[in-house]
Amino acid sequence: MSDVIYQDYFSRQKNTNIRLTLPVVCFVWQIAMIILFGVFIRYDEESDTHWVETKAHDNITSDIENDFYFRYPSFQDVHVMIFVGFGFLMTFLKRYSFGAVGFNFLIASFGLQWALLMQGWFHSLDPQTGKIFIGVESLINADFCVAGCLIAYGAVLGKVSPVQLLVMTLFGVTLFAVEEYIILNLLHARDAGGSMVIHTFGGYYGLAISRVLYRPNLHQSKRMQGSVYHSDTFAMIGTLFLWMFWPSFNSAITDHGDGQHRAVINTYLCLASTVLTTVAISSLSQKTGKLDMVHIQNSTLAGGVALGTAAEFMISPYGALIVGFFCGIISTMGYIFISPFLEKTLKIQDTCGIHNLHAMPGVIGGIVGAITAAAASESVYGKQGLINTFDFTGDFKDRTVLTQGGYQAAGMCVSIVFGVVGGAIVGSILKLPIWGDPADENCFDDEVYWEVREPATHHLLFTI
Amino acid sequence: MSDVIYQDYFSRQKNTNIRLTLPVVCFVWQIAMIILFGVFIRYDEESDTHWVETKAHDNITSDIENDFYFRYPSFQDVHVMIFVGFGFLMTFLKRYSFGAVGFNFLIASFGLQWALLMQGWFHSLDPQTGKIFIGVESLINADFCVAGCLIAYGAVLGKVSPVQLLVMTLFGVTLFAVEEYIILNLLHARDAGGSMVIHTFGGYYGLAISRVLYRPNLHQSKRMQGSVYHSDTFAMIGTLFLWMFWPSFNSAITDHGDGQHRAVINTYLCLASTVLTTVAISSLSQKTGKLDMVHIQNSTLAGGVALGTAAEFMISPYGALIVGFFCGIISTMGYIFISPFLEKTLKIQDTCGIHNLHAMPGVIGGIVGAITAAAASESVYGKQGLINTFDFTGDFKDRTVLTQGGYQAAGMCVSIVFGVVGGAIVGSILKLPIWGDPADENCFDDEVYWEVREPATHHLLFTI
Amino acid sequence: MSDVIYQDYFSRQKNTNIRLTLPVVCFVWQIAMIILFGVFIRYDEESDTHWVETKAHDNITSDIENDFYFRYPSFQDVHVMIFVGFGFLMTFLKRYSFGAVGFNFLIASFGLQWALLMQGWFHSLDPQTGKIFIGVESLINADFCVAGCLIAYGAVLGKVSPVQLLVMTLFGVTLFAVEEYIILNLLHARDAGGSMVIHTFGGYYGLAISRVLYRPNLHQSKRMQGSVYHSDTFAMIGTLFLWMFWPSFNSAITDHGDGQHRAVINTYLCLASTVLTTVAISSLSQKTGKLDMVHIQNSTLAGGVALGTAAEFMISPYGALIVGFFCGIISTMGYIFISPFLEKTLKIQDTCGIHNLHAMPGVIGGIVGAITAAAASESVYGKQGLINTFDFTGDFKDRTVLTQGGYQAAGMCVSIVFGVVGGAIVGSILKLPIWGDPADENCFDDEVYWEVREPATHHLLFTI
């Protein structure tokens, strides 16, 4: 009986009018950001006008030894991945390009502000002044944190309102900062490109939310699912910018010098290898060997995800190729076999297939990282190289590589747990019928949240 | 009577054949550039093969202390903004993408050559040799100068011929170099990201030209105004590349070290804040809270414009957020309320709404800069930091921050005057019936100046 | 009689099923790469964890003096040119965007791996260890090598299968490494941006292959040739990213400091000049002065090709403008006059017009390079500058600039010979009827090798 009422309560006529909620959320949260930034956020010593004194004090002879020059080019590449990469990757749906690019833009812009605060409180709150000092590395980390939420967006693309996305991002960033603190600081795991912290967490967070928001009647908007020719071409813009700049992603916050250099080489090679096996499996999956754009758009990126942890290690060039080799295979097979299974059996509707692009390759990345760490040796890394790479200093100076491997694996588990449990809770919040989500027959349609000027005739032409 | 003749003279059958004028202008001007470059332009000491001697002489120990390594990544980002950013932002019209991207490409390519000469004569002509020595910073400044003209193009998009655009660029660059000299050198105002010098000048220059070229019968090409689904998606490529790389724009020529670092942080934050308030106002403006792509494409960028002067100052992170907060609101309201008013009452037809994206936020940026400068204090900046930031050296070593604030405000006025008066004069020149501009019923249509292969049937389908 | 059988053998019903060949080639070659990388490829000293020891040993004081920081921003720009630049430039065909972007992606990903090996064996095999040590400069060179094959792809776009493309790339990279070794090492010619090594070789390689694969009945797929409105806009993404980042291409591997700085300035100027003359000639070629997108998309880039050799020399800013001036003219005239001639008379079907964009400007670049080198003088370059620029050290310390000019010209010839002869041989291999190439009436159509979801009605609408 109560079940019927519950059922009824949730399936009443959907109201997608967000004229009140969206502006209120945007204004209130932005004002909160301003207040919190006023209280907590300050320039760090390398971006403050006092740097001239810091330089003199620290005997820094040249302006170029400012962290800005080590990391800014990578930062901009990461920034492009977040806004153009993720945004355009999701434009593949025939009639959801505005939502893909536009909502991605909105939630990333909010998320990076909230991330600077959350990550600041957990990682770099100065105990004496009570302030968070930010520089270019903070901006990169904020973009990374946002990436986790954008991954989750991929699972619910077309099925939620922008208000729900903002809520999802608020909680996503919060959970991210906590799991990141546990994994990187407490467990002292290494995860420069975020296989665990970003991709695994973001993947399972999104999948769990999508599970809770399961729509049994989603087939009612089947006409809007799938792509058209030009939308697939737009999506390739996203794919390529992600693919090309992934070496910057995995090296953006690694150690200066050889650390960044090596992470770039590894990621570059791994991704190249992934493309070939993705094409191979995609071709095998069709009767006449035709390729499927879904695979090319997504699975080609799996190698970058899977090297997120190990990119800075001495995995060696052929090791990077091997990781890419298997990721291309596994991710493409995920699209062919696992996605239908997830939808039918586990009731997880995963619009962009983030399970195959982020969750699964993220887990592989965590495992590769743990194994590579455990197998590290002084003969390969050098005495000082080993210390530098795994940061075996301070409290962790006596840690062995085997122990490190164990902690890496533990970090993996933490990110899965945070993703699944966090996503389940946040999904329940998003199920409340106050957020303006679309009806089952209006999913994947920009007309719900956007003024679309083009006449419907043209539109029909594309879809009939 | 004479009025009738005048009227008649200008409304005679339009001739859009530019087969003579366009090639002649391109050839003659390009040859002039070659001659003038031959006479005046040389490599500066950091890009000349003699640098090996300069290094020895100046005791520079490493190749990396060449300005190239401080500025080249930012330069490339700015370059992308000029050609892809501005170009694609203007592709939103359903049938003017070739003109948007192609003419943008043409005038930027001419403008940057002319800018190197004009800016060189005014800013860096070596009195002894009579030569202009160029390096990477000159290239950035040339791109900046071109940006002013591309902004102006936005106001007249679809209503002028490429020959008119080239004329507009010739005069625009000339005026730019003069006002820039007055503002930066004579008044010694600071304007690293060009709120005044680039955006305010460019905005009013374009608006004044558009006013003079007012077309009372522009409604005759109403069928071509507005966007279609894919053209709006293309425009988002422009929006995002402008948005992402704006931190590079505002920091490209600021001081090495903390100056560039701080300008990036401020711009990054300001733009994030702008996105949220733009979305809020856009949603509020529609009955059901739907978002309007025009706002998302344009107003989200206003924060970058408005921080063009103050980005390098110690405006503090929350200060940057506040500027972005108000710019998103004001710019979006500009699209909703001011643009129709400008068109109806002041007879300014502003195709891209540059008033809301550049002119108005530029003025805000000038004011923010003046206030921030006037409020600067030694306690915040440090003694040496204050001198470095405002360049209180040489003739200006005794200037106070209050005086500086006054000069910043004066600079603001100079840019407006140059824009309005210059635009009015250039507009009159462009009114001469010799430039091949399109008839009122053929505006916003690529078929006037481009070979369009696609059959008209498809075209009609899109527009009916 | 035997001729008839031969004829018959080749014109039998085409089988485009690549379900066996494509996966097998991808898997086998990728596994071969893994094995060869395992045997040969190692991190170089700047990307190895032992760098901390190298630094101490070589007295390097700062992490920033790692080659990574000199070249990584340029590398990323080059990477964008390879994948987005070349990929999207070829999307201009109305119905071959997937093939353009997708196959470009595939062959570049394979090619860069094979290039690291081939270039490593020829240029940097360590005689003591038998290993190839790679760093960021190796990645740039691998991307360069791939560029040669992507150029060749432009000639056969739409007429070959992905398997043929992979074969073409395998041999292309191999030939490239050999001619590069002869030109750069044995002849000691300079060619930083690859006018000869990349563009001339790649151009003639592709043209020769296309000649061998001549299809007399290609007119049967005439309906698929040519562009539609949106495909031309997509192609401009490729054009602009190539154009904007070409300064990075020509400077990516030039000398640190003034070498990179100067190459950027020269390329930037040259390309600007090319745009104006391209527009001029394009407008002249039409009765009413309308512009042709084919010219704007391609010929505007010819200046970058033609400065590939001389960009690092003291060609002086006006010299760069002059090169661009003539290249815009010649390349555009190539599209108007030479391409039809090549097709009718020489039976070379050149889909993208690579003759006009790469082959011819490449030859011009080689000649410009030879002349500029021969005209170099100590008064312009400085004593040490001359030595640095032309690397007159070791075995070549007594070489004069005149001799250098001669060797540059010799290098030019080597690249042409390798392109033509190599292309002829590889073309013959590709003529074997086992590679799954499309029938004459199915060329330029994505439906042959891709799952295209869009209904044919829409498609027809675009093409009828």
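A salt bridge is a side-chain nitrogen of Lys or Arg within 4 Å of a carboxyl oxygen of Asp or Glu. A search of the whole structure finds 33 of them over all chains. The model is predicted: local features need pLDDT of at least 70, side-chain atom pairs count only at pLDDT 80 or more, and totals for chains, interfaces and linings use all residues. Residues are numbered from 1 along each chain as its sequence is written, chains are lettered from A and ligands numbered from 1 in the order in which they are written, and side-chain values use heavy atoms, without hydrogens and water.

Start with chain B. Arg71(B) forms a salt bridge with Asp67(B), with the closest N and O atoms 3.4 Å apart. Both lie in helix H4 (residues 67-89) of chain B, four residues apart, about one turn of the helix. Helices here are DSSP runs (H or I, at least four residues), numbered from the N terminus. Arg71(B) is buried at 4% relative accessibility. Buried means under 20% relative accessible area, exposed over 50%, and partly exposed in between (1.4 Å probe, protein chains only).

A second pair is Arg190(B) and Glu312(B), whose side chains meet at 3.1 Å, N to O. Arg190(B) sits in the loop between helices H7 (162-186) and H8 (195-212), and Glu312(B) in the loop between H12 (302-306) and H13 (317-344), so the pair ties together parts of chain B that are 122 residues apart in sequence. Glu312(B) is buried, at 2% relative accessibility.

Now compare the chains. Chain A can be laid on chain C with an RMSD of 0.0 Å, by a turn of 120° and a shift of 0.0 Å along the axis. The two copies are thus related as by a three-fold rotation axis. The superposition is by least squares on the C-alpha atoms of residues with pLDDT of at least 70 in both copies. In chain A, Pro73(A) comes closest to the axis, at 3.6 Å (C-alpha).

Phe70(A) lies in helix H4 (residues 67-89) of chain A. What does Phe70(A) contact, leaving aside its neighbours within four places in sequence? Its partners include His256(A) and Gln260(A), and also Ser62(C) and Tyr69(C). Contact means heavy atoms within 4.5 Å. Phe70(A) is buried, with a relative accessible area of 6%.

Last, the links between chains. Ile237(B) touches residues including Phe88(A), Ile237(A), Phe88(B) and Ile237(C), not counting residues up to four places away in sequence.

Key:
Helices (H or I, at least four residues) and strands (E, at least two) are DSSP runs, numbered from the N terminus.
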